[in-house]
Amino acid sequence: MATTDDSAGAWFGSDGQVSQLRGLLFKAGCLGATLLALFLVFVFLVYVAVDAIEPGTADPAWWATVAATVAVPAVALAAYYYRYDPRAGEVAYTAVGLPIAATLLAGGVGIVFRHIVSPHEWLALVVAALVAYGALEVHDRVRRAGAFERAAIGAIVLVVTIVGLPGLVPSLRSLILSLPVLPMAPLSLLGTFVVPVALAVGWYVRRERESERAGLIAGGATVAAAALGAVAGPVAGVSWTTWLILTTVVGVPVGLYVERVLSGGEGVSGLALPVALAAGVVVCAVVVETAGFTGPDVWLDWEFLTNAHNRTPREAGIYPALVGSVMMIIVVALAAFPVGVGAAIYLEEYAPTGGLLGSFVELVEINIANLAGVPSVVYGLLGLALFINAGGLQPGIVIVGGLTVALLILPIVIVSAQEAIRAVPDSQRQAAYGMGATRWQTVRTVVLPRAMPGILTGTILALGRAIGETAPLLMVGVAAVVRISPTSFFGLFSAMPRQLYSWAQLAKPDFYHGVLAAGVLVLLIVLLMMNGTAILLRNKYQRRD
Amino acid sequence: MTQNDTRNVDGDDEQRTDGSETAVSEPTTGSDATSDSLLDASLDVEGGTVPADADTVIEARDLDVFYDDVQALEGVDIEIPENGVTALIGPSGCGKSTFLRSINRMNDLIDAARVDGDLRFEGKNVYDDDVDPVALRRKIGMVFQTPNPFPKSIYDNVAFGLEVQDKADDVDETVHRALERAALLEEVEDQLDSSGLDLSGGQQQRLCIARAIAPDPDVLLMDEPASALDPIATSKIEDLIEDLAEEYTVVIVTHNMQQAARISDKTAVFLTGGELVEFDDTDKIFENPEHERVEDYITGKFG
Ligand SMILES: Nc1ncnc2c1ncn2[C@@H]1O[C@H](COP(=O)(O)OP(=O)(O)OP(=O)(O)O)[C@@H](O)[C@H]1O
Ligand SMILES: [Mg+2]
């Protein structure tokens, strides 16, 4: 009877309808708002993309060729998957997306090895870390020491091997670096980058397949493919180092995925999409070349990615700013993650909750939440005062920019980590305490593992915000144009948003249309990748609860 | 049960003082079949496995517990003997879980909770300053009212206590034995690596029991450990409890009178208001309680 107001009529038919007019209006309003938002974003993206690609400069025949060889087959396949084989569709999109994402990641790894830690330095670091680990193990074997002694030994070993005492004891790392002969760069990488990855791959495959042999093959294939680059690299026109990074960062995940799909036997036809796309691109290139169709004059091309800023718009590129952004994000992550997560753990798990102290803690928490809303210019000022005026650091260097932006996202990291920790059900803590766990054991074995996906998601989203911040960089004197990529964390740098800002101010329309648009696209793609990672992470772990 | 009933019972209670024996024999007249069977069940108990002079291991003296201004326990006096099963029964919300939590200081984790009075474990007031609640909880294990396994593998769940308490010798063997005693091993033997959350509610409850007994505590507090179990699993758990009681002290909260009658040596009846109304040998409580309110409660007239 709950659905009818009028008890006289029938409870069904026209008499029995409950008015839903208000509900329908509300629904339409919400839909309108959604569509408006999507439409505005879409228009903006199209506008930027048109500026960056300039489709009008191409022969219509060129577009026709692209459509016929790449677009039509792809759309046809997508329609087929949608209609007949959704599982294959999933495989298809992963098989296309994975190589693209992995290639971008490989670019990042390449930048790291080129500008941040040279292969030799990496070699020295890895060897020193191995020695440190070995020393700790040996110490553990020899005597079963208490936690305090272990920590002390660990600290000493780390200092001796990696840090050294400035002016007194050189570290093992610097000793290795000063050796007269070191293996050539690609060989160092093969030993200290590819081999660990291969070990991890072998271990993973062995566990998944429960087969020793499969693990050995996977690991061996990884090393073999990378080593092959000594010969194959020059033939393909890339350096051995590039080849090596590509095979480990792109080849390994793609190979594992394809192998899993093939052996699983489910949705195998999905692999047709990437194959069709690749074949389409090749055919298209051949046709365009032989028929002499001119393509569009795109701004976002390889030169744009690898060049520095230049007075001629066509020559201008974003590379140093890209490197600067990557280095800055490393500083931001290293600074904001431990501090933010540490603060969140303290506030949630340790801070007093009752009495005067409890009220104080509550006040602090409210203020942290407020800090998340403070305009970024203010953080720029704070960075200027703190690091440059008080700390005496040089304006415009990577570490200053990174720390300033880290301050900016710190409240966001804290608040999101707090939320993730709070989402761990109290019954879990009770279970741990009830088993006689100490607070530290509870936090370490129960709370953190469960909160970690949420913490990581929040942190990645915050880093996404960090990579786009411009105002604080202006305040701490980040240069408008930097033509050489920074080589250390204390070098001058420019970041992508800062570079975009200076392009927007140049007088030539080519800059504030084409170059700027290409830069915006690059920034957006990087952002999309980061947010995509965060979302994947969240979805993967959400399903488990 | 309504507010009125409670008051009536309270009224009766005051009149009781002179002739409790007579008052007790009457109320069964109006009772239905269930209460008859209850009394039957209680008759089957092979009375008093606990020697009368058993040592007291947990002793409460005038124990009050408050949640902010609400008093959940009022002046509880109880002496729980060593090596035996003590059942706590009473209507919902009368403070059974609260009492259980105050034994191993789990109330410390609730900000609002405040404890007054003495609670002695092996003669030592557990609320003294020099008592480490973590050490206390390692001696007094607990099974919670709602199953709360960790999102870890079944094996890791059971091994958790061993790990945090640093009882590292022969973890494998201990885990298997704990699962076996909790009547779960058979069902999960070949999926020890799968998540504890993938088990059914009743299996989770037994997993939590296995987890609690694995590190071998002296006292086991169980808050309705069989509430989600079928009769077979329940009887296995009851066997386990009887088995445990030979070496350990078990304190168990249950809403199932037959269960209390079957497995416990001593029974404590809490009634609304957080009062411990009667505490005695189980047969005495079920056959011949001192208080009319208790009689009413266990015969199902009230609560
Ligand atoms: N964390 C808490 N905060 C505030 N009040 C509480 C809290 N836990 C219990 N109480 C109150 O204390 C009283 C006793 O609760 P308790 O959980 O001990 O009852 P119980 O006898 O175990 O009931 P049940 O049989 O339903 O489990 C109730 O009135 C309840 O509202
Ligand atoms: Mg309870």
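Predicted model: local features only at pLDDT ≥ 70, side-chain atom pairs only at ≥ 80, totals over all residues.

Guide: Residues are numbered from 1 along each chain as its sequence is written, chains are lettered from A and ligands numbered from 1 in the order in which they are written, and side-chain values use heavy atoms, with hydrogens and water left out.

Visitor: Which residues coordinate the magnesium ion (ligand 2)?

Guide: Donors are N, O and S atoms within 2.8 Å of the metal (3.2 Å for Na, K and Ca), and because water is not among the atoms, sites may look incomplete. With atoms OG and OE1 at 1.9 to 2.4 Å, the coordinating residues are B:Ser97 and B:Gln145.

Visitor: How many residues apart in sequence are the parts that this pair ties together?

Guide: Helices (H or I, at least four residues) and strands (E, at least two) are DSSP runs, numbered from the N terminus. B:Ser97 lies in helix α4 (residues 96-103) of chain B, whereas B:Gln145 lies in the loop between β6 (140-143) and α6 (154-164) of chain B, so the parts tied together are apart in sequence by 48 residues.

Visitor: Is B:Asn107 buried or exposed?

Guide: B:Asn107 is found in the loop between α4 and β4 (113-121) of chain B. Buried means under 20% relative accessible area, exposed over 50% and partly exposed in between, with a 1.4 Å probe and protein chains only. Since its relative accessibility is 2%, B:Asn107 counts as buried.

Visitor: Where does α7(A) bend?

Guide: The bend at a residue is the angle between axes fitted to the seven residues ending there and the seven starting there. A proline, A:Pro196, follows within four residues of the bend, which is about 30° and falls at A:Val194.

Visitor: Which helices do the buried residues of α7(A) pack against?

Guide: Among these buried residues are A:Leu189, A:Phe193 and A:Val201. With contact meaning heavy atoms within 4.5 Å, the buried residues pack against four elements of chain A, namely α3 (86-116), α4 (119-142), α8 (212-236) and α9 (240-264).
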